[in-house]
Amino acid sequence: MNSEQLRLIEARDKQVPWRKWGPYLSERQWGTVREDYSRSGDAWNYFPHDHARSRAYLWGEDGLAGISDEKQRLCLALALWNGKDPILKERLFGLTNGEGNHGEDVKEYYFYLDSTPTHSYMKYLYKYPQEAYPYLDLVKTNRKRSRNELEYELIDTGIFNKDRYFDVFVEYAKATPEDILVRITVWNRGPEEAKLHILPTLWFRNNWAWAEKVSKPLLRTEKSFGCTQIIRVSHLELGELFFCAEGEPELLFTENETSCKRIFGTPNTTPYVKDAFHNYIINGQEGAVNPEKEGTKAAAHYTMILEAGKSAILRLRLVNYTPEEAIFSAGFDVIMEKRLREADDFYGEVSPSGVSLDEANVMRQALAGMLWTKQFYYYDVDRWLKEHHAHPLYPSSRPSRNRDWFHMLNENIISVPDKWEYPWYAAWDLPVHAIALSVVDPDFAKEQLEIMLSGFYLHPNGQIPAYEWNFGDANPPAHAWATLFLHLTEKATGRKEDFKFLRLIFQKLLLNFTWWVNRKDRFGRNVFEGGFLGLDNIGFFDRSSPLPTGGYLEQADVTAWMALFCQNMVELSVELASQDPVYDDMVEKFLEHFLWIAAAINRPDAGMWDEEDGFYYDVLRLPDGSSRRLKVRSMFGLLPLCATTVTEKWQRDRVISAVSLNMKRLQKMPELAKSIHPTGPGHFGVAERSLFSLLNPESLRRVLSKMLDEEEFLSPYGIRSLSKFHLRHPYIFRLNGQEYRVDYQPAESNTGTFGGNSNWRGPIWFPVNALIIRALLQFHMYYGDGFRIECPTGSGKMMNLLEVAKEIGDRLTRIFLRDEKGGRPVYGGTEKFQTDPYWRDYILFYEYFHGDNGAGVGASHQTGWTGLVANIIQLFSLLDSENELKAEKWETSKEGGQGEPED
């Protein structure tokens, strides 16, 4: 067992606070719903980037390459100035939703290079131009561009020409949970010497200005020794800490308070305000900083001149003991290098022995991105609504977003999709994050699911909050899938099964399932509506708004999700039945639900299955009682494939009565049995497995023939979200003189639906590809070599379904790996990323990918669900057909041992 694994065990079993400090700062707190106190709800313009340097936040903090404690009381991050920028670089810049031609977008280059799960070692890279940052150029040029044009990126401005930039590497290492070493290495990549100001900055989140009975903390200079400057940190909850800066930097102090004069045109409440360091360094205002050397924000100001191609190193340390002169002795670098070696050991065990060095690099950076993209998320909705005079329990309250969610008090470290573009949690993303995080930190992954289903998040009616822009939106019900995945992973890896966790989550999932059935099945017919359901612009209409045609949509995607939800709950019930036979009834309940949903989605007359096309479609129900299938070949029609689950003989034996009742129902309803996959006696597959699937063998072949057609869904880089068939055959729907149209768009969206920064009309998305791979593996466990299909369609090459799954997995991982010419498809035609040795091996994990060439599109740091690439590399490096067929879902022993409940 390696050192990092021991730290994880200490954190779990002995509550050693290895995770107390981590990368929990946001990368954009401005422009968020939490900070929006406007009457219009225009979060982007109420608190823009231009205010961020001068205006104190209320609900969180942001910074560059930063860390904080787990409640974000104390923050540490980097500030930079190249002598030419108009603004001190304290945070990342990007365009607002209204400024970007495809919505909001960060316009910086930074990379999460490494992190262990306890953050005992972390590494980050920021590429800082040596010329004035082109803020106005980026805003003006992007505003001029249409949705049909490419985005104007920072590299397009020419600012990196002739390599006039600094590489700023920031490393963190923990000697102990409360002894944090920081090493900053700066390289001048340019052809000439260049000057750089570096300000490692320490500050408190301001909760004293608006919270009652909060003691104001203090930073103050401490007596230095030798070549070390020291700042004493005094905080009621954190205690006494010391921030040590090697060398003789100038120590600067101010308050983390709003510059009212600059922002509101009113007098400041204190002479020393948040933007003091900007004013002191850039504007030369010596009176901006506190001469008494104390405050709630402080920095160690270093100035360096670097020759071309040379580097310099700064060393810092945050400790919870009185520092000694040897704090920056040779032992500092010994600890730093030891933690790096331990990180190497940890990832050496995570990466299968058969992977290439390039694959191992992609895996490690993907997982590092997952671990860096944790954020302290604080939102007391009850308080926020009161402050907005919008609380529904108070008289004369005004309309506001999230009025029905006043029970919420969010105050946790949460895995977010992207700490700049999406600096808030999302119900659709988080369970997928948990699956990816399980590769390195299954305890944290389980905690994420627990948080979202806890009483301060889950609505009393059972709905899971979607995201802060509208907690009431419906997102795919993926938590049961993630819960089952984590539980089966624990069993397969020999960890003690956590039945306490399973029981807790199961009860909350029951509430959520009931919410879906009661709220999203309009007439109780087992067909569901869900709004946009995380698929943004995939359909004709904004599915979360009233349809322009009137009527309503019966959605194939959410109906398939509910079928999978049932299957997941059946499996969870079987697991829990080993501990308590009362769960036998839950098996019966969810098997029955699955059958009713299957009957509804596959109805030959009015269901979503189209026999002529051999595909699933949404059904539009119009006010006059008529209906029609909307024949768009999209991910809607592939998701029913994903409602597929193999059951082992031991699982059936454990709940014999429930299985018997299910078979009796099928015998009484032969028309239902024909529409789903054959199951039960006489229909067992490999190793006496049975299969629950919405698709029977014929419909399975018909759907797969489209999915595996390179002129339809199968891209060189995975499965497209919309068939390429619609490139030449756009689907046009006319009603009441209006035309609605869906075209194949392989890259950015050309519509403004849901902000216009996500596109489901052609690109490749990892979460749905992962669902498809899961389904294919389930089918293969049942069929083995008994089911083969042409892949790609028309190629004449026959594959079993494990081989098909691996083919899709290989195409997905190909996005990030070097090709035969040395380029990475993820970077498209951007030459510098493809050929420059200081760029080409740093990987960005985008939100989605071009449907034809694999180039990254959308949010550039949405490692969240794109981090699944690590799972895919790991899975297919370990898996082969013979072992896949022999492997069973792990049986829980009733005699104790691994099956012993962990209470």
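Modeller: Here buried means under 20% relative accessible area, exposed over 50%, and partly exposed in between, with a 1.4 Å probe and protein chains only. The model is predicted, so local features need pLDDT of at least 70 and side-chain atom pairs count only at pLDDT 80 or more, while totals for chains, interfaces and linings use all residues. Residues are numbered from 1 along each chain as its sequence is written, and side-chain values use heavy atoms, with hydrogens and water left out.

Colleague: What makes Asp167 and Arg189 a salt bridge?

Modeller: A salt bridge is a side-chain nitrogen of Lys or Arg within 4 Å of a carboxyl oxygen of Asp or Glu. For Asp167 and Arg189 the N to O distance is 2.8 Å, so the pair meets that rule. Both residues are buried.

Colleague: How many salt bridges does this rule give?

Modeller: The count comes to 70.

Colleague: Why is Lys107 called buried?

Modeller: Its relative accessibility is 1%, and the limit is under 20%, so Lys107 counts as buried.

Colleague: What is Glu153 called, buried or partly exposed?

Modeller: Glu153 has 24% relative accessibility, so it counts as partly exposed. Lys107 and Glu153 form a salt bridge, with their closest N and O atoms 3.0 Å apart.

Colleague: What makes Lys724 and Asp852 a salt bridge?

Modeller: Their closest N and O atoms are 3.7 Å apart, so the pair falls within the 4 Å cut-off. The two residues are 128 residues apart in the chain.

Colleague: Why is Lys724 called buried?

Modeller: Lys724 has a relative accessible area of 18%, so it is buried. Asp852, at 27% relative accessibility, counts as partly exposed.

Definitions and conventions. Helix = DSSP H or I, 4+ residues; strand = E, 2+ residues; numbered from the N terminus.
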